[in-house]
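Q: I am new to this structure and would like to get to know one part of it really well. Please pick a part that sits well inside, and walk me around it and its neighbours.

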Amino acid sequence: MVNLKRSISIVLSTILILGLTACDGKTTDKEAEDVIKESSNSHYPVTITTYNYEKEPVEITFEKEPENVVAVYQNSIETMLALGLEDKIKLAAGLDHDVKDEYKEAFSKVNYSKEFTPDKETVIMSQPDFILSWYSLFEDKNLGDVDYWHENGINTYMSLNSGAASDRTVDNEITDILNLGKIFNVEEKAQALVDEINNGIDSVVSKVNNQDKQTTLIIEYMDGQIYTYGAKTLGGDMISKLGGELLNPEGGNITEEDLIKLNPDSIFVVYMDRSDETVAQSEVDKVLKNPALASLDAVKNKRVNSIALGEMYCSGIRTIDGINTFANGLYPQLSK
């Protein structure tokens, strides 16, 4: 009721100012702008649920729109750009891939750090009023613990699929985008992004509904070992939505012998290019050109695909890109 009265008062004030302007022309544009700005502030306070480093839910309240944002990692930066909030970014860091072409002009205005993960001291010097990043980076040796920032009056938001949520799903990506829309009072833009993602997913899923079930693996070469993404990862959720069967659903490291026994119809190899265009193919070649794996059906049929980490792990606005990459690899006949 208080908010309703406040809104009515603001509207009446705006009408009064406009009326006075029409009568005597003495009211300045600045006064009118101040009233309109006050009207937009009626959106706040906004309370959002995020997480601390113990993965416990924490409620944070925004009394106004953040103005000095530290955004670290791919989805953090690109979602801000997609929402038209590049002027709010005080410091950005941690791109695994170049930003999408449609946001490069906006990104050119952003202060991007040469340090891939800024430390807490660097973040403090940026004087942020909001920090947006991944679970793994909210530790003392990196950005600093969530509790530290909250105790000092600085809000944080942890991407759900970065480790805060136990099951990593497409729905979590949607929630992150909508939450940022609320935080920055750009809910219509956020909803438009979400609608585009959901409509794109529905379109792809409808095309693959009647296809034969395909088996697959999502792997990443880490420290000389083969890591597999399981069913509870975002990539696993995408494969499930597309009707594929993800082998080794528990995830974790496997050997080359395990890979040969599993013998999936297709394989997706995760990469981070960091502006090096050769990386995607070189990661795929670790499978295709490995004599020990020549017996794999996926190798024989040339169904070893690359997928960007940013498309299937905290994918943000790249969620539909990840769905399309998986769909084309699972059902190559559809792209012919």
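A: Let's start with a word we will need: a residue is buried when its relative accessible area is under 20%, exposed when over 50%, and partly exposed in between (1.4 Å probe, protein chains only). What you see is a predicted model, in which local features need pLDDT of at least 70 and side-chain atom pairs count only at pLDDT 80 or more, while totals for chains, interfaces and linings use all residues. Residues are numbered from 1 along each chain as its sequence is written, and side-chain values use heavy atoms, with hydrogens and water left out.

Before zooming in, here is the setting. The protein chain has 14 helices and 12 strands; these are DSSP runs numbered from the N terminus, helices being H or I of at least four residues and strands E of at least two. Of its 336 residues, 50% count as buried. A contact here means heavy atoms within 4.5 Å. Among contacts between residues at least 6 apart in sequence, 63% join residues at least 24 apart.

Now to our part, helix 3, which covers residues 74–82. Nine of its nine residues are buried, so the rest of the structure largely encloses this helix.

Let's stop at one residue. Q74 lies in helix 3 and has 3% relative accessibility, which is why it counts as buried. Leaving aside residues up to four places away in sequence, Q74 touches G94, L95, D96, H97, D98 and V99, and also R318. Beyond the other end, helix 3 is followed by G84, which has a positive phi near 75 degrees.

Four strands form an open sheet in the order 4-3-5-6, with parallel pairing; two strands pair if DSSP finds at least two bridges between them. Strand 4 (89–93) and strand 6 (155–158) are the edge strands, each pairing on one side only. Ignoring direction, neighbouring strands of this sheet are turned by 10 degrees against each other on average. Angles run from 0 to 180 degrees between N-to-C directions, with axes fitted as lines to C-alpha atoms, for helices over the stretch in contact.

Inside this sheet, strand 3 (residues 69–72) runs parallel to strand 5 (residues 130–133), and three bridges join the two. At one place along them, A71 stands opposite L132 in strand 5. Helix 7 (residues 170–183) packs on the sheet, where it touches strand 5 and strand 6. The direction of helix 7 makes about 160 degrees with that of strand 6.

For a contrast in strand direction, look at strand 1 (residues 46–51) and strand 2 (residues 57–62), which run antiparallel and are joined by six bridges. Here I48 stands opposite I60 in strand 2. Five residues lie between the strands of this hairpin, where K55 takes a positive phi near 65 degrees.
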